[in-house]
Structure formats: structure tokens, C-alpha cells
Amino acid sequence: MPRSEVLFIGGRSGVGKSTAAEALHDLLVAADVPHAVIEGDTLDLAHPAPHLAHPEAHLAERNLATLWARYRELGHHRLVYTNTVSVLEHTALAAAMGDDPVVTAVLLRAGDATTADRLRRRSGGRLPEAQVAHSARTARRLDAAVEGQVTRVDTDDRAPEDVARRLASLTGWLPARPARL
């Protein structure tokens, strides 16, 4: 079986992580490229937050290991993983996959006005100022903390399909188009 490959997509709330992953999924399906998509935010979504109440549990990593093992049993070797801070935790998450994957890590970025508009649309029009402020703080923290091997991709004024094509080019997962004669 081929070595695993993983694309970690991180970024602030409203930057377009899930939307870009869905658009990438559509591109890969159209090209018949086998892959799996995991929304990492759900791997440890609970109250109280497991990473705060029991940081030693590493619940997201353990759940990723279990899910990825099931996908591998089915023959998958490419994973698209979205989570706000995945670009900060990509080493631990890749290790949790258990098979030394080839890692591509991407930090999606967008300006405050763009993300506020996206969050407002997602929430049906009403958006608490605290959520906008938290998203802005997260953006600054992520941008300052990501390592050099993380690629930054701006999503302002870009359609999800354009972002997806950029992500696909970073992974090399789409087959090359034959040259026109």
C-alpha cells in the first residue's frame, strides 16, 4: 500500500477551511482521486473541552488514529484534515496517523472584513462581536506561530474552487493534464 499523504488545512474561524476542503473534495472526485476528508473540529468536541479538562488524553489524536486506521483498511492513503490549529499540531497529528505520512500543511488567511462577512452569513446574519474578536486574535496567533514549512494561502476575493486548485497544486494529488496538440 502506498505511503499515506495528508493535507492539514488550518486557519481562523470564517477563513474557509471547510468550504475549501469541500471544493477540493469535489475536484478530487471529478478526477477520480481516492481520498478521505476529516473535519478535525469534531474529533474532540465536547463540554468540558477534553483538551482543557484532560490535556493528557490527546483525544483528537487518538480519534484520528482510529478513523485513519479504518480508512487505511479500505485502501485510502490521502487525507484532507481541517482544524483551526492543525497547522500548529501537524507533527503530533501526523504521528497519530501511525504510518509516517507525507505532510502538507496550509494556513488559510483572510482579512477581518472578509471573515466577519463569512461568519455573519454562516450564522444567519447575527454575529456577536466577541466571535469576531476571537477570530482576529486566532488569526494573529496562528500567523505568528506557524513554522516555515507551513504554506500560507490567502482566501480574500478567491472562490472556494480557486483555493481548492491551489491546495491541489500543493499536494500534487491531481493528475497532470495532457498537453494540447
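Asp112 is partly exposed, at 44% relative accessible area; by the cut-offs used here, buried is under 20%, exposed is over 50% and partly exposed lies in between (1.4 Å probe, protein chains only). Asp112 forms a salt bridge with Arg12, with 2.8 Å between the closest N and O atoms. A salt bridge here is a side-chain nitrogen of Lys or Arg within 4 Å of a carboxyl oxygen of Asp or Glu. Asp112 belongs to helix H5 (residues 112–122) and Arg12 to the loop between E1 and helix H1 (17–30), so the pair ties together parts that are 100 residues apart in sequence. Arg12 counts as buried, at 4% relative accessibility.

The model is predicted: local features need pLDDT of at least 70 and side-chain atom pairs count only at pLDDT 80 or more, while totals for chains, interfaces and linings use all residues. Residues are numbered from 1 along each chain as its sequence is written, and side-chain values use heavy atoms, with hydrogens and water left out. Helices (H or I, at least four residues) and strands (E, at least two) are DSSP runs, numbered from the N terminus.

**Salt bridges**

The count of salt bridges comes to ten. Three of them are tabulated.

| Pair | N to O distance |
|---|---|
| Arg12 and Asp112 | 2.8 Å |
| Arg70 and Glu73 | 3.0 Å |
| Arg72 and Asp99 | 3.1 Å |

Arg70 and Glu73 are three residues apart in helix H3, a separation of about one helical turn. An α-helix has 3.6 residues a turn, so residues three or four places apart point the same way. Arg70 is partly exposed, at 43% relative accessibility, and Glu73 is exposed, at 58%.

The side chain of Arg72 meets that of Asp99 in a salt bridge. Arg72 lies in helix H3 and Asp99 in the loop between H4 and E4, so this pair ties together parts that are 27 residues apart in sequence. Arg72 is buried, with a relative accessible area of 16%, whereas Asp99 is partly exposed at 22%.

**Nonpolar cores**

A nonpolar core is a set of buried Ala, Val, Leu, Ile, Met, Phe, Trp, Tyr and Cys residues joined through side-chain atoms within 4.5 Å. The largest has 20 residues, of which Phe8, Leu64, Leu79, Tyr81 and Val87 touch the most other members. At least two residues of this core come from each of strand E1 (5–10), strand E2 (36–39), helix H3 (59–73), strand E3 (78–82), helix H4 (86–97) and strand E4 (102–109). The most come from H4, which gives four.

Beyond its neighbours within four places in sequence, Leu64 is in contact (heavy atoms within 4.5 Å) with Ile38, Leu43, Leu79, Tyr81, Leu93 and Met97. Another core lies apart from the largest one and has 19 residues, including Ala21, Val153, Val163 and Leu167.

**Helix H7**

Helix H7 (residues 160–171) has twelve residues and should span 16 Å at 1.5 Å a residue, the expected span being 1.5 Å times one less than the number of residues. The C-alpha atoms at its ends are 17 Å apart, which agrees.

Buried residues of H7 are Val163, Ala164, Leu167, Ala168 and Thr171. Their arc around the axis is only 140°, which puts them on the same side of H7; the arc is taken from the directions from the helix axis to the C-beta atoms. Among the elements that cover these buried residues are E1, H1 and E4. Gly172 follows H7 and has a positive phi, near 75°.
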